[in-house]
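This briefing covers selected side-chain features of one protein model. Please look at the sequence and structure below before reading on.

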Amino acid sequence: MFLLPGPRVAASASAAAARARAVSAVTVKKMALTQVSSTKCFEGYQKVYEHDSYELKCKMRFGIYLPPKAERVKCPVLYWLSGLTCTEQNFITKAGSQQAAAEHGIVIVAPDTSPRGCNIQGEEDSWDFGTGAGFYINATEDPWKTNYRMYSYITEELPHLINTNFLVDSEKMSIFGHSMGGHGALICALKNPGKYKSVSALAPICNPMQCPWGEKAFTGYLGSDKSKWEAFDATCLAKTYSGPLLDILVDQGKDDQFLAAGQLLPDSFITACTDQKIPVVFRLQEGYDHSYYFIATFITDHIKHHAKYLNA
């Protein structure tokens, strides 16, 4: 009888030590994030953090909206990928996503669009390649391959960072984006069957292998062998997709100057999805262009689309 308390005390002490180690480990991991700003919005908080990225070998920033619900329960996460020239600031200040995110209890994470300050020759020379134009792929060509690994950053490093440091449900995440970011969202979902509960895009670059923006970026980052480009082209990926059912929502402005210029090519993607029996709702929006006014108009529809799956 009197021997029983001993093991119990030992077990209790051991458990306490384990908890202390776990707390210490979490504290260390949380110290890796530096809060840049925090602003109350719709009873939640719009925050920006900075961290050292092991994938990109530089400091990176991301915006994160924490709905009021996130103070007490784990919430699903919706990742937003921005377009060419953007930082984490464009979406969080212009899209007007916070009210819908608060209402549906969804955390929204908005990262930067490329590595920055890597001192690579030529990275600041043009607006559609290099800084602000990472294209959400993993570069294989020098001098870009060391830092320009946005695909791995978005699909692996960033989710791990978010899951470790915030009260979120790691099993429930979705992804959406605009233009270059729409391309990024589509390829991330199509390359990782089952990882994301849903995907949507606004004016995405649907077939980068066949448009000037994509040809420039893919040649620079991936080299001249076009067979390697297919792994990062949504239209090519849709043609071979065989994973769980994906319900894709795409909005496109009819007066988008980049649609007219042949940069976006949604018809190619829709055809590939139709042939592969992938459900896609494509809405051509009369009078809308490529701007954040277009995004702000339809952002609530997109958050509702994801909420159907994230809150199921």
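Lys-145 counts as partly exposed, at 39% relative accessibility. The model is predicted.

- Leaving aside neighbours within four places in sequence, Lys-145 is in contact with Ala-139 and Thr-140.
- The C-alpha atoms of Lys-145 and Leu-222 are separated by 8.7 Å, although the two residues are 77 residues apart along the chain.

**Nonpolar core**

- The largest nonpolar core has 97 residues. Those with the most contacts inside this core are Phe-62, Trp-80, Phe-91, Phe-135, Ile-162, Ile-175 and Tyr-221.
- Helix H10, residues 292–310, supplies the largest share of this core, with eight residues.
- Trp-80 is in contact with a number of residues beyond its neighbours within four places in sequence, among them Phe-91, Ile-108, Phe-176, Leu-202 and His-178. The contacts of Trp-80 also include Tyr-292, Ile-295 and Ile-299.

**Aromatic pairs**

- The structure holds 18 aromatic pairs.
- The rings of Phe-129 and Trp-144 have centres 4.9 Å apart and planes at 80°, so this pair is edge-to-face.
- Phe-135 and Phe-218 form an edge-to-face pair, with 6.4 Å from centre to centre and 80° between the planes.
- Phe-135 counts as buried at 0% relative accessibility, and Phe-218 is buried with a relative accessible area of 0%.
- Ring pairs join Phe-129, Trp-144, Tyr-148 and Tyr-221 into a cluster. One of these, Tyr-221, is also among the residues with the most contacts inside the largest nonpolar core.

**Lys-191 over aromatic rings**

- The charged end of Lys-191 sits over the ring of Tyr-151, at 5.3 Å from its centre.
- Lys-191 also lies over the face of Phe-232, 4.8 Å from the ring centre.

**Asp-247**

- Asp-247 is found in the loop between helix H7 (234–240) and strand S8 (248–253).
- Is Asp-247 buried or exposed? With 19% relative accessibility, Asp-247 counts as buried, because the cut-off for buried is under 20%.
- The side chains of Asp-247 and Tyr-309 are joined by a polar contact of 2.3 Å.
- Beyond neighbours within four places in sequence, Asp-247 is in contact with Val-199, Pro-279, His-305, Lys-308 and Tyr-309.

**Cysteines**

- How many disulfides does a search of the whole structure find? The search finds zero.
- For Cys-86, the nearest cysteine sulfur is that of Cys-188, 16 Å away, and Cys-86 is in no disulfide. Cys-86 is buried, with a relative accessible area of 7%.
- Cys-273 is in no disulfide either, and the nearest cysteine sulfur, that of Cys-206, is 8.5 Å away. Cys-273 is buried, with a relative accessible area of 0%.

Methods: Residues are numbered from 1 along each chain as its sequence is written. This is a predicted model: local features need pLDDT of at least 70, side-chain atom pairs count only at pLDDT 80 or more; totals for chains, interfaces and linings use all residues. Side-chain values use heavy atoms; hydrogens and water are left out. A nonpolar core is a set of buried Ala, Val, Leu, Ile, Met, Phe, Trp, Tyr and Cys residues joined through side-chain atoms within 4.5 Å. Buried means under 20% relative accessible area, exposed over 50%, partly exposed in between (1.4 Å probe, protein chains only). Helices (H or I, at least four residues) and strands (E, at least two) are DSSP runs, numbered from the N terminus. Contact means heavy atoms within 4.5 Å. A disulfide is a pair of cysteine sulfur atoms within 2.5 Å. A polar contact is a pair of N or O atoms within 3.5 Å; within protein, one must be able to donate a hydrogen and the other to accept it, and residues adjacent in sequence count only if both atoms are side-chain atoms. Rings of Phe, Tyr and Trp (its six-membered ring) pair if their centres lie within 6.5 Å; planes under 30 degrees apart count as stacked, over 60 as edge-to-face and the rest as tilted. A charge sits over a ring if NZ of Lys or CZ of Arg is within 6 Å of the ring centre and within 35 degrees of the ring normal.
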